[in-house]
There are 2 protein chains.
Amino acid sequence: MVTRDRQRRVTITDVARHAQVSTTAVSKVLRNASGVSEAMRAKVRAAIDDLGYRPHNAARAMRGRTFTIGVLLPHIRNPFFADIIDGLTEEISASGYQAIMVQSGGRDPAAERRASDALVDRQVDGVFWVAPACARAQLEQLADDTPLVVLGRHDRSSRYDCVLDDDEVGAELAVEHLIGLGHRRVAHITDSLRSRSTALLQTIRAATYERVMTEHGLAEHIAVASTSYTEEGGYEGTRELLSRDPRPTAIFAGSDQAAFGALAAVHEAGLTVPGDISVAGYDNARVTGLAHIALTSVDQDGALMGRTAGRLLLERIGGRTAAVRFSVTPTLVTRRSTAPPDPRPKGPTPDW
Amino acid sequence: MVTRDRQRRVTITDVARHAQVSTTAVSKVLRNASGVSEAMRAKVRAAIDDLGYRPHNAARAMRGRTFTIGVLLPHIRNPFFADIIDGLTEEISASGYQAIMVQSGGRDPAAERRASDALVDRQVDGVFWVAPACARAQLEQLADDTPLVVLGRHDRSSRYDCVLDDDEVGAELAVEHLIGLGHRRVAHITDSLRSRSTALLQTIRAATYERVMTEHGLAEHIAVASTSYTEEGGYEGTRELLSRDPRPTAIFAGSDQAAFGALAAVHEAGLTVPGDISVAGYDNARVTGLAHIALTSVDQDGALMGRTAGRLLLERIGGRTAAVRFSVTPTLVTRRSTAPPDPRPKGPTPDW
DNA sequence: GGCCGGATGGGTAACGTTACCCATCCCAGG
DNA sequence: CCTGGGATGGGTAACGTTACCCATCCGGCC
């Protein structure tokens with residue numbers, strides 16, 4: 001590598017010299033530590049402003065904190081994650097902490113591990129892990145190193161905090177809604193990655209779907225496409241479901257993203273929503289509310305979950321060790337993508 | 001802060017002791033430096049595996065590189081950015097570099113500056129800045145510190161690389177398409193943040209729209225809603241445009257995200273797409289291709305742009321100083337959201 | 001007046017890594 | 001046989017910050 005002639009950064013030593021005090025004093029002011037007079041504080045702050053000093057993060061990391069929160073997201077394509085991140089950002093913005101995001105890939109355990117390691121190697125002060133797919137042991141190992149808040153896992157642990165919604169309630173709302181409309185052949189699209197049985201939300205949503213169907217005497221109509229919670233997954237899953245005979249009249253997709261794919265597949269098959277097929281999603285990401293999409297979805301307030309995760313993480317960084325579990329009770333938001341099944345054969349597809 | 005009893009990390013010293021060599025030797029192996037025998041290399045690697053050693057990034061940052069690339073995104077909600085990041089990730093995955101993402105906020109200059117500073121403070125080896133809104137001077141100042149690749153800016157600089165599409169060609173394709181279908185009252189939704197005139201892509205798209213309209217003798221029908229390239233912006237902008245009399249028969253939204261908002265607003269107004277209003281977007285994010293949305297859009301191959309940005313950044317980190325400008329020529333992808341204007345009054349809205 | 005304790009400010013040794021320099025060793029060439 | 005130089009391995013001083021400890025000062029109390 002060619003050495004760049006970047007001008008040397010302003011360091012704490014420069015500030016100390018400029019303010020005619022010790023580096024220790026400057027450090028204390030920076031950290032709001034006690035044992036600093038008001039006069040000292042003012043003098044140091046003035047010097048900091050004069051020189052445009054900013055703390056050098058890596059050097060801090062060697063000794064103590066980095067004021068950095070690491071966020072692990074399966075991928076940034078999911079619009080629901082944007083809601084969560086908005087909440088998180090809002091919550092931590094005043095604290096001086098900075099969130100950095102890394103994609104964990106979601107389905108490849110090795111990639112997920114690499115992403116998690118990358119954050120630990122960068123000495124983040126805490127990790128916010130959205131929808132981890134790894135084993136609980138790995139989460140606990142990480143939690144031993146770093147304050148950890150996990151979103152969307154149902155296994156309990158005393159070593160990290162959990163933020164989640166009650167997926168059993170949510171899935172029940174969706175399936176009951178569809179059955180209540182008169183549907184009997186209600187299908188489900190789930191994520192095939194569900195090794196850790198009851199820990200993963202997709203497992204719970206799928207199991208609840210089967211339970212509710214069974215409770216309504218519709219066990220014989222249970223139809224699950226096991227793909228993924230992505231647009232591609234929803235698309236492929238729906239194509240598979242539509243090829244069955246008789247085909248379902250309603251689809252409960254395990255995520256809004258999958259529901260988008262489902263809408264596309266239904267449309268591509270020349271069928272209408274909700275005329276031929278009702279579609280319900282899960283997450284109620286902000287985009288699903290747009291009138292053009294108007295997807296019926298289970299709302300779980302991503303912004304609140306993000307804010308809560310931020311608060312819990314700051315608390316943990318601050319020293320709390322008792323585990324906290326924050327559960328949101330989801331609600332159903334009905335929009336135009338669901339309707340009673342139409343008994344009559346349909347005419348041609350409308351132009352939109 | 002309570003001191004966590006995290007077990008001490010394995011350091012290069014531990015590896016050296018375990019392998020019975022010097023720390024210098026281990027460091028050389030880690031960096032693939034010259035002056036290391038094959039036997040030494042093998043011995044050190046074995047020790048690294050034995051102990052599960054991972055380099056401590058912050059310590060590296062104190063001396064040299066961090067093997068980290070910082071990515072600045074206005075926000076993660078835009079699906080087109082996901083395409084770009086996929087390309088970037090693919091390109092750098094083999095290099096040992098890790099991308100960390102920070103949201104820059106997009107419209108608040110102070111927030112954008114903070115985000116940029118946050119990456120510099122964390123000693124990233126290079127920055128990939130998507131759609132910066134700041135002044136060019138700020139970019140050049142950053143480029144003096146850190147290798148920089150900028151996406152989506154049209155101002156030329158010798159200090160950083162640019163990846164962009166030819167927005168003039170793209171906007172022309174979209175507007176010509178709509179006019180070619182027979183539309184005369186073609187409106188445009190742009191982003192109000194365009195202080196740095198010709199540098200920002202939204203300025204070019206808007207100016208091109210006006211130019212093409214004028215060239216076709218449609219200057220009197222120029223109608224621009226100046227909101228933002230978000231869903232909210234598209235929604236609000238479209239509501240404003242629809243309230244004009246006579247209302248436009250086609251809308252060219254400056255981004256797909258804005259087009260989503262436009263579709264929602266059109267639908268909410270009880271109008272159909274493309275029956276009453278044609279809508280075209282820009283970016284051709286992968287989601288717009290879904291049959292349910294089927295948005296006509298200007299394609300600019302985000303994955304290719306992301307891959308290229310990754311390559312250019314690695315080259316710059318490797319020492320290149322000559323500036324590179326990589327421009328993609330966009331193409332138009334026509335889908336069902338655009339059609340000739342309907343001269344007859346329409347009946348009621350179809351159910352989807 | 002002497003003493004004690006809290007408040008204030010500073011000195012210094014790490015933290016883990018790498019760049020730079022130096023010491024050996026070995027082999028080829030004179 | 002001697003010399004020179006490339007290849008190899010190691011010692012050490014930073015990098016910028018903070019935790020810990022110590023010195024000083026001042027006011028109040030015995």
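In which helix of chain B does B:Leu178 lie? B:Leu178 belongs to helix α8 (residues 167–180) of chain B. This is a predicted model, in which local features need pLDDT of at least 70, side-chain atom pairs count only at pLDDT 80 or more, and totals for chains, interfaces and linings use all residues. Residues are numbered from 1 along each chain as its sequence is written, while chains are lettered from A and ligands numbered from 1 in the order in which they are written. Helices are DSSP runs of H or I with at least four residues, numbered from the N terminus.

**Surroundings of B:Leu178**
- B:Leu178 is buried (20 or more other C-beta atoms within 10 Å of its own, placed from the backbone), because 29 other C-beta atoms lie within 10 Å.
- The C-alpha atoms of B:Leu178 and B:Thr338 are 7.5 Å apart, although 160 residues separate the two along the chain.
- Leaving aside residues up to four places away in sequence, B:Leu178 touches residues including B:His183, B:Phe252 and B:Thr338; contact requires C-beta atoms, placed from the backbone, within 7 Å.

**Packing of α2(B) and α3(B)**
- Helix α2 (residues 23–30) and helix α3 (residues 38–51) of chain B pack at an angle of about 95°, with axes 10 Å apart; axes are lines fitted to C-alpha atoms over the stretch in contact, and angles run from 0 to 180 degrees between N-to-C directions.
- These helices, α2(B) and α3(B), are therefore roughly perpendicular to each other, a term covering angles of 65 to 115 degrees.
- B:Ala25, B:Val26 and B:Val29 in α2(B) meet B:Met40, B:Arg41, B:Val44 and B:Arg45 in α3(B).

How values were computed. Helix = DSSP H or I, 4+ residues; strand = E, 2+ residues; numbered from the N terminus. Parallel < 35°, antiparallel > 145°, perpendicular 65-115°, else oblique. Contact = placed C-beta atoms within 7 Å. Buried ≥ 20, exposed ≤ 12 C-beta atoms within 10 Å, placed from the backbone.
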